[in-house]
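Morning, everyone. Please have a look at the model first.

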Amino acid sequence: MVSLVAVQPEARMSRTFERRGGPPVRPPGGKFLIGGAWREPMSNDRIPVIDPSTEEQIVTIGAATAEEVDLAVNAARITFESAAWRKMRPLDRGRLLEKLALLIERDADELARLETLDSGKPYYVTRNIDLKFTVDALRYYGGWSSKIAGEYLTLSPFFDDGGIYRAYTERRPVGVVAGITPWNFPLGQAIQKIAPALAFGCTIILKPSEEASLTTLRLGDLILEAGFPDGAVNIVTGYGATTGQALVEHPLVRKIAFTGSTATGKRILASAAPQMKRVSLELGGKSPTIILADADLDKAIAGAANAIFPNSGQICTAGSRLFVDDSIFADVVQGVADVARNLRLGGGFEEQTQLGPLISSRQMERVSALVASGIAEGAEPVAGASRLDRAGFFYQPTVLKNGRPDMRVAREEVFGPVVLAMPIKDIREIGAFANDTEYGLGASIWTRDIDKAHLLAEQIEAGTVWINTHNVLDTAVPFGGVKSSGLGREFGSEAVNSYTEPHAVCMRLDGQALG
Ligand code: NAD
């Protein structure tokens with residue numbers, strides 16, 4: 001199991017900074033990987049890559065035009081139809097994914113540093129969590145490539161013509177996939193798109209977030225080195241409204257695998273509808289952390305902090321609404337606020353850093369505005385509630401109390417290190433409070449009472465409910481959301497349905513053939 005979190009007090013004390021003197025970070029060039037070769041962008045439009053810890057420009061990357069998107073999609077389509085790809089043994093597709101996993105392990109230090117530079121998240125997180133999750137996911141899907149199975153069915157015809165009717169199904173790859181990813185786990189998200197797509201026989205065009213594209217571009221080098229057929233994986237960078245939209249609308253793209261905001265997800269769903277494209281959407285959340293009166297208080301406080309603050313709150317399942325039994329409300333709020341005040345913010349390569357910056361000035365404005373709206377509507381800040389007075393997009397871990405479910409900060413996804421605490425007076429109200437949101441991605445329940453835990457878990461409308469933990473992800477467990485948190489599931493056996501379609505063959509056997 002991989003925990004995305006690393007702010008338990010004991011974990012803070014014991015962590016070491018691996019390979020501080022490791023290889024220098026070499027930002028990749030801003031080319032596009034199309035048909036097995038890196039191509040210079042056609043347009044002079046360059047996207048600045050900003051280090052969120054310093055606000056300084058690192059490099060620029062390209063903005064792919066509709067023409068370049070067309071080239072990438074056609075390359076993916078040609079490979080999808082090629083004998084080299086179609087006839088490749090499933091085990092050999094798995095071996096290619098394993099080879100890529102080995103190359104990522106070889107270059108893990110460098111990739112982690114690049115991710116830290118581009119996204120600001122601490123190096124000990126990128127190296128020990130993001131990279132490990134990435135490699136695990138590749139191995140998990142590599143194993144799946146040889147285990148895709150159909151069914152053999154005995155039919156019950158409503159007539160008797162002397163025949164015996166049977167059917168079999170096979171799972172066929174959907175075709176060319178557009179993988180569109182956000183910036184909060186850039187490399188991990190890229191792998192979450194390419195690994196199942198390739199394992200199940202699709203080909204793919206990746207479009208990473210314009211806010212954090214560098215590790216996806218570097219991944220392109222490793223994909224070439226691993227020896228995938230040219231065009232199996234193509235990578236273009238660019239803005240969502242142009243490059244992303246061109247991909248979504250391209251007629252040869254048969255499936256869109258999207259992770260990002262709910263607003264963009266709705267737009268993509270609408271754009272995909274006229275061509276009936278397959279769409280899977282991993283979207284935003286407003287996940288509740290629920291602490292009952294009988295919970296182990298120390299663990300629940302550390303858990304509530306762990307649910308919201310890692311990655312500076314930029315986690316889709318972040319526990320941004322904290323519901324606490326009235327009898328322990330003050331203690332829990334105090335405890336979480338203490339953790340918040342003691343967390344050390346800083347650049348990702350600074351040794352003491354526990355939390356990095358937000359990704360961008362736009363995100364800083366969003367977080368600041370939502371906190372201000374909460375305070376204006378009556379919430380009381382107990383910790384944080386302002387940005388750090390230094391260069392970089394650093395926002396202090398923030399605890400607001402006196403929250404109400406009708407506040408804007410209780411309803412909108414903040415995607416920052418901000419938790420709104422609300423007391424619960426009656427356990428029978430919890431389900432209704434927790435579900436009073438357009439989202440339904442994750443939730444955690446903290447209690448020592450096994451009956452309450454499971455009965456409450458049944459009430460919660462969310463893709464994942466955690467009990468006495470939060471944000472534990474494993475590639476084997478289906479992941480995704482209900483309501484406005486998404487459509488479909490990634491991970492686990494559910495991914496098979498997402499990247500393949502059943503193809504049924506029905507036959508009549510002559511009942512007298514054997515006499
Ligand atoms: P975003 O929606 O702004 O962008 C995501 C991606 O979509 C980017 O690559 C962007 O360029 C692209 N895009 C934007 N407009 C597009 C369009 N019209 N057509 C095609 N592509 C377009 O999201 P973000 O700000 O990068 O990421 C944060 C959001 O992602 C949060 O809401 C978070 O909850 C969500 N998220 C969800 C999950 C999950 O698994 N459910 C995981 C991580 C992040």
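How far is an oxygen atom of the ligand from an N or O atom in the side chain of Trp 183? The answer is 3.0 Å. Keep in mind that this is a predicted model.

Lys 207 brings a polar side-chain atom to 2.6 Å from a ligand oxygen. As for exposure, the ligand taken alone shows 850 Å². The protein buries 92% of that.

Next, the location. The ligand sits in the largest pocket. Which elements give two or more residues to the shell around it? They are α9 (240-249), β11 (253-259) and α10 (262-272). Of these, α9 gives the most, with four residues.

Now the whole shell. In total, 28 residues surround the ligand. The closest are Lys 207, Glu 210, Ser 261, Thr 264 and Glu 413. By type, the shell divides into twelve nonpolar, twelve polar and four charged residues.

Last point: the domains. Why does the ligand lie between domain 1 and domain 2? Because both give residues to the shell around the ligand. Domain 1 covers 32-147 + 174-283 + 490-499, and domain 2 covers 288-467.

That's the site. Over to you.

How values were computed: Residues numbered from 1 in each chain as written. Predicted model: local features only at pLDDT ≥ 70, side-chain atom pairs only at ≥ 80, totals over all residues. Heavy atoms only, no water. Near = heavy atom within 4 Å. Polar contact = N/O pair within 3.5 Å; in protein donor to acceptor, adjacent residues only side chain to side chain. Areas by Shrake-Rupley, 256 points an atom, 1.4 Å probe, with all protein chains shown as cover. 1 Å grid on protein atoms, 1.4 Å probe; cavity = no way out; pocket = protein on both sides within 12 Å on 5 of 7 lines; lining within 4 Å. Sits in = over half its atoms within 2 Å of the grid points. Nonpolar A, V, L, I, M, F, W, Y, C, P; charged D, E, K, R; others polar. Domains from an automatic or database assignment.
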